[in-house]
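Please examine the sequence and the three-dimensional structure shown here. The briefing is written for a reader who is new to structural description.

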Amino acid sequence: MTEQQALYKYCLRLGDNALVQSYRLSEWCSNAPTLEEDLALVNFALDMTGRAQALLTYAGEVDGNGKTDDDLAYRRGEREFCNHLINEQPNGDFAHTIARLLFVATYEYLFYSELMRSADERLASIAAKVVKESRYHMTHANDWAIRLGNGTDESQRRMQAAIDALWMFTGEMFETDAVDALLRDKNIAVDLGKIKPVWMERITEMVKMSGLSMPEGAYMQSGGLKGIHTEYLGHMLTEMQYLQRAYPDAAW
Amino acid sequence: MELLEKNEKLQDKASGSFEAKIERDDAIEPRDNMPEGYRKHLIRQMSQHAHSEVIGMQPEGNWITRAPSLRAKQILLAKIQDEGGHGLYLYSAAETLGISRDEMIAQLHSGKAKYSNIFNYPALTWADIGAIGWLVDGAAIVNQVSLQRTSYGPYSRAMVRICKEESFHQRQGYEIMAKMMSGTAAQREMAQDAMNRWWWPSLMMFGPHESESPRSGDAFKWKIKRSTNDELRQKFIDKTVQQAEVIGLKVPDDQLRWNEEKKSYDHGPINWDEFHSVINGNGPCNKQRMAHHKKVHAEGAWVREAAEAYRLKEEKLN
């Protein structure tokens, strides 16, 4: 694997995570518990779409085969996507969406804070913008986790169930492979080993502040990096890529 | 008796000052005296306007997950976010008249409050997203520009802000249509089909002829309304027909003709039976839209209760 190939894959991973999150967040449109929350979640979806655009555009440029952000988003199949499985899981109830946001936005805040120092200037500049959004997403998730965890018996039960259910997808966020190793050597990629303990500490603290217990299961799902997904991704892409599949020659 | 007379005199004075303000074209503000009929009329109109923004998120939301490019998805997300934001300002503006958002939502669910009839039509293809932006938002702008001069201050100020955003929506909708009209045969067909389905309902958005519009008299007297439904509809037709022609779309009205004398278009008859039928609940999506709003409201109850319970706990602690 060359550095160029590794960088392409690295950008795709980050771009796919943003794209898949954008899809799930946008499903909240007209479905949130209050109008204010509807706007907040749609706004996060908008952040994620912009992020996907920036990262996939860069991936296409690195690859050098003339692929645009849209080609990469809309004309790849399930096995070619390399997002983390947690991001493709269905929204579930509002507590599940908040639990995912808590896990992922905390991760992304730490991740992109590090990526700002990447030796790759383009990634560093994308990270500088993304980190501001992630901080806001994380604050929003923290606020809701505390409210739901300390709200009513029902909200506490739902919030606990949500963090328990999503826990097995959190380990994958810290997995690394040859792509990471190659780019770490060039000071391009983030050292995930460095952010893992900080993430764990922050999540443990937030779970405690929310009056909840840390999930106990040690089993962690894996597969996204290799393009082995849960069954949900295929349905998502079928819907997302509907127009490209039905009208392959059309431009929109 | 004396007290009663005094009261009446005071009321006359108050009402006089309201009428004087209306006469002088001064804005009426929340703390000003206003006739009960004025307040009720505005609550009805503004809550209907707010509900329309919110219910309108449904047909557009129907295409977010299928938006065909990242740019198109961003534009659509931002548009829907604007609509929700408009709903929020309008609910807040209506609250200055002494009604809560919860009460307005309860009235929507009971059927006492309405929302724009246009959202009882389905968004079937991607071209519908273009047609909604171009025609539906285009029609809404004509109405809302006129409402910038409405007599109630908070409503008029909300309209100024809303109009700025709506004009973006209209251009973005038109861009979708233009792009499809310069695309493949299937895309052109899709665009024309959307035009055919949305044109007449868009004309109906302005409401029936004034003589059929039951509350028009007071609305003009109080300067809530500044132009007639027919005047606004004509303005919309005159600005839209040429836009359609430029990109090769046919307006689905065989009787549409330029009238040199009045310098505007004559159009064919509007099917008001359809309009009344849809308003009375028999449109393609009336039941779907309301059922969805009620379901989401009910499903979100535990979240709102939790937020309230947490607020009360925090209040006790502090």
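Predicted model: local features only at pLDDT ≥ 70, side-chain atom pairs only at ≥ 80, totals over all residues.

Residues are numbered from 1 along each chain as its sequence is written, chains are lettered from A and ligands numbered from 1 in the order in which they are written, and side-chain values use heavy atoms, with hydrogens and water left out.

**Chain B as a whole**

- Chain B has 13 helices and two strands; helices (H or I, at least four residues) and strands (E, at least two) are DSSP runs, numbered from the N terminus.
- With a radius of gyration of 22 Å, close to the 20 Å that the globule rule gives for 318 residues, chain B is as compact as a globular protein of that length.
- That radius is taken over C-alpha atoms, and the globule rule is 2.2 Å times the number of residues to the power 0.38.
- The C-alpha trace of chain B spans about 80 × 60 × 35 Å along its principal axes.
- Of the 318 residues in chain B, 52% are buried (buried means under 20% relative accessible area, exposed over 50%, partly exposed in between, with a 1.4 Å probe and protein chains only).

**A charged patch on chain B**

- A patch of positive charge on the surface brings together Lys40(B), Arg44(B), Lys112(B) and Arg215(B).
- Patches are made of residues with over 30% relative accessible area and no salt bridge, and like charges are joined within 9 Å.
- A salt bridge is a side-chain nitrogen of Lys or Arg within 4 Å of a carboxyl oxygen of Asp or Glu.
- Arg215(B) is found in the loop between helix 8 (185-204) and helix 9 (216-221) of chain B, and its relative accessible area of 45% makes it partly exposed.

**Positive phi angles**

- Most residues other than glycine have a negative phi.
- Asn187(A), although not a glycine, has a positive phi of about 60°.
- Asn187(A) sits in the loop between helix 8 (178-185) and helix 9 (192-209) of chain A and is partly exposed, at 49% relative accessibility.
- Asp25(B), which is not a glycine either, has a positive phi of about 65°.
- The loop that holds Asp25(B) lies between helix 1 (2-23) and helix 2 (36-55) of chain B, and Asp25(B) is partly exposed at 45% relative accessibility.

Methods: Patch = residues over 30% accessible without salt bridge, like charges linked within 9 Å, V, L, I, M, F, W, Y side chains within 5 Å. Areas by Shrake-Rupley, 256 points an atom, 1.4 Å probe, with all protein chains shown as cover. Lys, Arg positive; Asp, Glu negative; His and termini not counted. Charge placed at Lys NZ, Arg CZ, Asp CG, Glu CD.
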